[in-house]
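I opened my notebook to look at this protein one piece at a time. Here is what I looked up, in the order I got curious.

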Amino acid sequence: MRIKPGTIHTAAVLSDWLGRMSDCAADGVTWALDRRRQVIASAGAFNGLTNAVAVSEPSWQHEYGPGWFHEQRRAHLWDVVLDDPERREIGQKAYDELIDEFEDNPEIAAGLVVRIARMANYAHGSQQRDRLLAAVVALDLPDVAVAAAMVELTSPAKPGFITADAVLIHARNVFSGHGDLIASLNKLRELELVVATETIASAHVPAEQMRVDPNFGEGHAITVLHGRIQGELGRIAVPNIGEHVMQAHLENVRLESTFMTFAVQDIDTNDLVAQIGDIRPGPMKRAPGVAIRARYGDQPFFATAVFNNRGLRAGALEILDNLNESSFGRTFTVDKVVLDPSETIPSVRFFRALNMATGLQMERSKSKWWMRTETTLPINVFAWRQLEALRFVRSHTEGLEREALGLDRQIGIGVAEVGDTAYWADLRGLDTVLVKEITPDHSMDSPYTFYNLERLFELKPGQSIMHFTTEMRGEPRIEDPVVDLFSDLWENARRFNETQPRRKVATDEQSLTEQIRAAHMRDQEVARRLSETITIGGHRDMTALRLAIHTRRGPTGLQFGPALAVFPPGSPEDVEVALIDGTGINSADQLLDTAFGSIERWQYPVESLAATDVIATLLGHEADEIQLTR
């Protein structure tokens, strides 16, 4: 007999199943018949109760439907009335009945998967015939969490795309997987529920990696797995969660775009912008783009898109503004929307302020700035000094600049040491320094380093590791931590500026004076605050600014030659800029005398280069980040 939603067959079916117990020994027949009558009576009483509720509360009947009442009756009999020996006796038949009902109409009967998963424990015949089903039934709770992460992160269209590290972190953060999840992943591999491919580190792959794909099959094993995830972990695993979010929540945005990409992971805002640049084809180098950082429930997600014109992008932004949707019990929330292109940000202004505050000189190469100190710092002290500097920069930036530097969220630092090896981790979602000692039971070997570090630092959902580096050091650090931090932020700014139009700088005398005065006052204020809050050697007084620019009239208009900037003591507001006709001027002294009268320039700090270089420096930029406009 097959059970159908909305019918009251529970007592009859249980009677039929229990009837087989009449074949027991003669001295047990009376007990079996009495037990059969108890089950039927209990089913009848529960039927009467649920029917009475349906009559007295019609809204229940409308909301839940007769199938809901039927399932409650069945659950009551299985969970309350029957004991374990009776469940083992009829479990296979009960499992077969539920599977048949589910397969007849899986959408309507989707709520049966939890019950099917519980019945599968007693379906020994099915387990013997289906090794994948038997493997799913044999999983412990941490194993189920890892399998759930596999369901959500992997896609049949992208085999070999997801790393084992990502799966383990997802299992820990989203499905509350506890304990050693590496052991759980290895168990899934041994049961052949997961196929793994290991990649050895090379010039193209910075570290050993493991790519994983599920092997749950197309039979009843995946149904039972979903039932176990829902029943034991308390949430639904959304298959291929990234594609689902795109189709269920961002499809209309995708239709407006020319190209669109996504990933189920956390990301900094400056990396978001870089993603936009990565998907632009050559002819669309400056095409309007948008990037979003979002959450689906508590799962981080990002997407980037490029559009043919600003009108299409405006339509997509309107869709995002009105987006407030849920699916599978999770709400899709957009946390950050970034437009691109915008314009370059000043990449060297904090170095200028540091020089103003201390008078100390920094060294630089094409990719890094540094300053050696005579004071050696233990790595944990170095980390705290850098966090103080991070907080300082974050408090002195806003809007686009803060986002481009990757400072629009809480940032922390994690330090883990073992012997002469130290792991330095950039943390998100917390504002502190975490220092841990790596014990022998915490292996940091690839391909699980991210997972092991998150576990070692005891990070919670919403906290993550963006990047980490491994350092071999026998001695404490001798670089200045503030300069080292500013160098990292400079690198972020330079990477952001690579894809942005140059900042346009108007060069009429009044506009140029206003722009340089604003930048000079800004940098002097930052320098003052640096002296007060960040411990670093040296100090200098506030200065005024005089800028003289050598010009000559050419066929295309006014052309700039060399420029000379002098910083006498005075108020930061005291800024003068003079565009000087260079006819007959052959020296820096003549240029300054013509512009400002007699200035003893060698007594004060001087900057003397081509006009574009000097103007860029005074505005806090590298020379290739600005464009002088007439």
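**Entry 1**

Which residue in β3 does A196 stand opposite? I looked it up and found V212. A reminder to myself before going on: this is a predicted model.

I then asked how β2 and β3 pair, and the answer is in the antiparallel sense, over six bridges. Strand β3 covers residues 209–214. These strands belong to an open sheet of three, in the order β1-β3-β2, with antiparallel pairing. The edge strands are β1 (162–163) and β2 (194–199), and each pairs on one side only.

**Entry 1: stepping back**

I wanted the overall picture next. I counted 23 helices and 22 strands in the protein. There are 630 residues, and 49% of them count as buried. I also looked at contacts with a separation of 6 or more: residues 24 or more positions apart account for 70% of them.

**Entry 2: a five-stranded sheet**

I moved on to another open sheet, made of five strands in the order β4-β6-β5-β8-β7, again with antiparallel pairing.

Strand β5 (residues 289–296) and strand β8 (residues 330–340) pair in the antiparallel sense over eight bridges. I picked A291 and found that its bridge partner in β8 is V338.

A helix packs on this sheet too: α14 (residues 269–279) touches β4, β5, β6 (299–306) and β8. The direction of α14 makes about 40 degrees with that of β6.

The peptide bond from D340 to P341 is cis, with omega near 0 degrees. P341 has its place in the loop between β8 and α16 (349–358).

**Entry 3: helices that cross**

At what angle do α8 and α10 pack? I read about 75 degrees, with the axes of α8 (residues 141–153) and α10 (residues 181–190) 9 Å apart. That makes α8 roughly perpendicular to α10. P142, D143, V146 and A147 of α8 make the contact with L181, S184, L185, K187 and L188 of α10.

I looked at a second pair: α5 (residues 113–120) and α11 (residues 220–233), at about 105 degrees, with axes 7 Å apart. These two are therefore roughly perpendicular as well. Among the residues in this contact are V113 and A117 of α5, and G227 and G231 of α11.

**Entry 4: aromatic rings**

I learned that a pair of aromatic rings is described by the distance of the centres and the angle of the planes. The count comes to nine aromatic pairs here. W369 and W490 form one of them, edge-to-face, at 6.1 Å centre to centre and 75 degrees between the planes. W369 lies in strand β10 (residues 369–370) and W490 in helix α20 (residues 481–497), so the pair ties together parts 121 residues apart in sequence. Are W369 and W490 buried or exposed? Both are buried. They also belong to one aromatic cluster with F350, F351 and F486.

Next I checked F450 and F468. Their ring centres are 4.9 Å apart with the planes at 75 degrees, so this pair is edge-to-face. F450 is in helix α19 (residues 449–456) and F468 in strand β15 (residues 464–472), 18 residues apart. F450 is partly exposed at 27% relative accessibility, and F468 is partly exposed at 25%.

I also looked for charges over rings. The charged end of K158 sits over the ring of F161, 5.1 Å from its centre. R235 lies over the face of F175, at 5.6 Å from the ring centre.

**Entry 5: two positive phi values**

My last stop was the loops. S176, in the loop between α9 (164–174) and α10, has a phi near 55 degrees, a positive value in a residue other than glycine. S176 is partly exposed, at 46%. N240, in the loop between α11 and α12 (241–249), has a positive phi near 50 degrees. At 17% relative accessibility, N240 counts as buried, because the cut-off for buried is under 20%.

Note on methods
Residues numbered from 1 in each chain as written. Predicted model: local features only at pLDDT ≥ 70, side-chain atom pairs only at ≥ 80, totals over all residues. Heavy atoms only, no water. Phe/Tyr/Trp six-rings, centres within 6.5 Å; stacked < 30°, edge-to-face > 60°. Helix = DSSP H or I, 4+ residues; strand = E, 2+ residues; numbered from the N terminus. Buried < 20%, exposed > 50% of the residue type's maximum accessible area, 1.4 Å probe, protein only. Lys NZ or Arg CZ within 6 Å of the ring centre and 35° of its normal. Pairing = 2+ DSSP bridges. Contact = heavy atoms within 4.5 Å. Axes fitted to C-alpha atoms, helices over the stretch in contact; angles between N-to-C directions. Parallel < 35°, antiparallel > 145°, perpendicular 65-115°, else oblique.
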